[in-house]
Amino acid sequence: MVPMKTVEPRPAPLQHALSRQGFLRAAFALAASPLLRYVPAEAAEGLEASEVAPGIFVHQGRYELQSPQNRGDMANASFVVGTDAVAVIDTLGSAVAGRELRSAIRAVTDKPISYVINTHMHPDHVFGNAAFKEDNPTFVGHYKLARGLGSRAERYLAINKTMLGEEAFEGIEIIVPTLAVEDSLNLDLGGRTLVLETQATAHTDNDLTVTDTATDTLFLGDLLFSVHVPTLDGSITGWLALIDELGRREAARVVPGHGPHAMALPEALQPEQRYLAAITADVRQLIKDGRTLEDAIRTAGFSERDAWKLFDQYHVRNVTAAFAELEWE
Amino acid sequence: MDANYNEENGAMPFTLKSLTIGGAAALAGLLLLSPVAKADEDVWPTLRQQAFGDRTIQAEDGMVVIEIPGTAEDAALVPLTVRVPPQVTQNLKSLTLFIDKNPDPKVATLAFGPAAGKGGERSFSTRVRIEDFSYVRAVLETEDGTLHMASKFVAAAGGCGAMQAKDPDTESVDLGKTIVKVFPPALEQSPIWSAQVMIKHPNANGMQLDINTANFIPARFVKEMTVKRGGELVFQMESTFSISTNPNFRFTFGRGPDNSLDVAITDTDEARFAAKAGPSGS
């Protein structure tokens, strides 16, 4: 079997994202937990995945835009091992990276990979799907994922071909869910059940959350960003409302779509909530004052600039989307 | 327009027909949809000939100024402003906006009426889709019949194929809802006032795939808008799908005895929408 060793939780990203009090509580919670074991998963190209709870493995993506060097490995991807089957939750941003994820799974278990779950339509979470075709899994996602991905497929493929380069782009396919979740759905992996829930429009219009009942682990996909600036492709008011709701939930840990392997509720949500609330307040004031989109992209939310990675890459787009939404209030 | 575009580029509804939702469909063929061949071609000589014939166009003579980001963060929603500086004292006849490399390069043409006003800076702003790295141009015709052009190169890509609607279900709920706002100037005697019109409309360009039907979502966009102040024409605009989803316009008009605005809109399905507003924004 794969050797396992204990590693210290990584305080740096947490510290970056949390209040001091919240940080201490979260760090304590993680340090007190025996769960953050490390699986080197040295097979193949050596994609690392940490076991954050028994049978729950999380690979942490880089805080980067896609590039030939990172091969689309810039989001978190997880897998859950039951007594009968394995479920993959997001597949990274290329077939190449997806294959590395598959190798990491095979380094841990020989059980069949029966489900590939996509938390939403974005390429850094779905473009690795093709790597699992040989397992003939059920591809599972929000019932609106196919529409959203379909209408953007041409642009997603073109952009990623440019940014990843030929080598890392090789083998990417658009694979939409074969099992669409309308409201909620339970997947039995043997000894544990995954509860899949569709959410109202927030990060996108096809966000899906996953709860592992055995360990009380909540996978939030890109409903939770930490360190990496949030990206808005749905509804800023919807997202803030959902954060309120998620913050009242109780889970042993949450896994973000971008950020550390595992975090604690409700602190994990606070930086993201602060960021989205800052944009909302600034944009609403500008609209009230009769100001324009051009004014907004120069000023709104810039108090958050030092709090996030990739702020310069995504913030103006976020403000643009927020303005186009909030001006209809 | 978009049908011509597809033919010209050898685009391929054929491949898409074979797409099945449950079949782990490979849409890789969609890459072929990307605009081809035209990348380095200078289309402006042809465009200008079609629009203005052999008439002289004075470029960058300061009569008209264009403001647009040099790099568009969201190519489906790029803010564009055209200004006519206050030292230009003539009445304005027309304004035509172009994005050279868009499927339909002509974005909009405005024919101004007596209520367009003068005696201060006049401006027109909207938000556009930009399909490829391209020049964006504004050609202004003044009442003496001369043509003046400002242009700027913009790095942006994929704005037309991009689906701008974040949530198509809520976007389609209030289709046609139109809001008009009049912004009285700080000094009410100022001869130039400003206003805004926003229309809830997908402005669909026929280039987005509906994966559930394997067909393209049909084009449907605002093609005409007439703005009147107290019954007098401010401008009449003809527009294309280069205008972003939920079309949004900020513009100036000349102060009159009655500063309420009437706006009438027609889309390509011949649906008509109308709205009005007084200076209080009622």
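The model is predicted: local features need pLDDT of at least 70 and side-chain atom pairs count only at pLDDT 80 or more, while totals for chains, interfaces and linings use all residues. Residues are numbered from 1 along each chain as its sequence is written, and chains are lettered from A and ligands numbered from 1 in the order in which they are written. Chain A has nine helices and 14 strands; helices (H or I, at least four residues) and strands (E, at least two) are DSSP runs, numbered from the N terminus.

**Burial and core**

- Of the 329 residues in chain A, 57% are buried. Buried means 20 or more other C-beta atoms within 10 Å of the residue's own, exposed means 12 or fewer, and partly exposed lies in between, with C-beta atoms placed from the backbone.
- Among chain A contacts with a separation of 6 or more, 67% link residues 24 or more positions apart. A contact requires C-beta atoms, placed from the backbone, within 7 Å.
- The largest nonpolar core holds 157 residues, and A:Ala87 and A:Val88 have the most contacts inside it. Helix 5 (residues 145-169) of chain A supplies the largest share of this core, nine residues. Such a core is a set of buried Ala, Val, Leu, Ile, Met, Phe, Trp, Tyr and Cys residues joined through C-beta atoms within 7 Å.
- Beyond its neighbours within four places in sequence, A:Ala87 has contacts that include A:Phe79, A:Tyr115, A:Leu187 and A:Leu194.

**Backbone exceptions**

- Most residues other than glycine have a negative phi, and most peptide bonds are trans.
- The peptide bond between A:Leu265 and A:Pro266 is cis, with omega about -5 degrees. A:Pro266 sits in the loop between strand 14 (253-258) and helix 7 (270-288) of chain A.
- A:Asp216 has a positive phi near 60 degrees and lies in the loop between strand 12 (208-212) and strand 13 (217-225) of chain A. A:Asp216 is exposed, with 12 other C-beta atoms within 10 Å.
- B:Glu270 also has a positive phi, near 65 degrees, and counts as exposed with 7 C-beta neighbours inside 10 Å.

**Helix packing in chain A**

- Helix 6 (residues 236-247) and helix 7 of chain A pack at about 145 degrees with axes 10 Å apart. Axes are lines fitted to C-alpha atoms, for helices over the stretch in contact, and angles run from 0 to 180 degrees between N-to-C directions.
- Residues making the contact include A:Trp239 and A:Leu240 of helix 6 of chain A, and A:Leu276 and A:Ile279 of helix 7 of chain A.

**Strand pairing in chain B**

- Six strands of chain B form an open antiparallel sheet in the order 2-3-6-15-10-9. Its edge strands, strand 2 (65-67) and strand 9 (178-183), each pair on one side only. The twist averages 15 degrees from one strand to the next. Two strands pair if DSSP finds at least two bridges between them.
- Strand 10 (residues 192-199) and strand 15 (residues 248-254) of chain B run antiparallel and are joined by seven bridges. One bridge pairs B:Val197 with B:Phe249 in strand 15 of chain B.
- Strands 16 and 17 of chain B are antiparallel and joined by six bridges, with B:Asp262 opposite B:Lys276 in strand 17 of chain B. Their hairpin has four residues between the strands, and B:Glu270 takes its positive phi there.

Key. Two residues are in contact if their C-beta atoms, placed from the backbone, lie within 7 Å.
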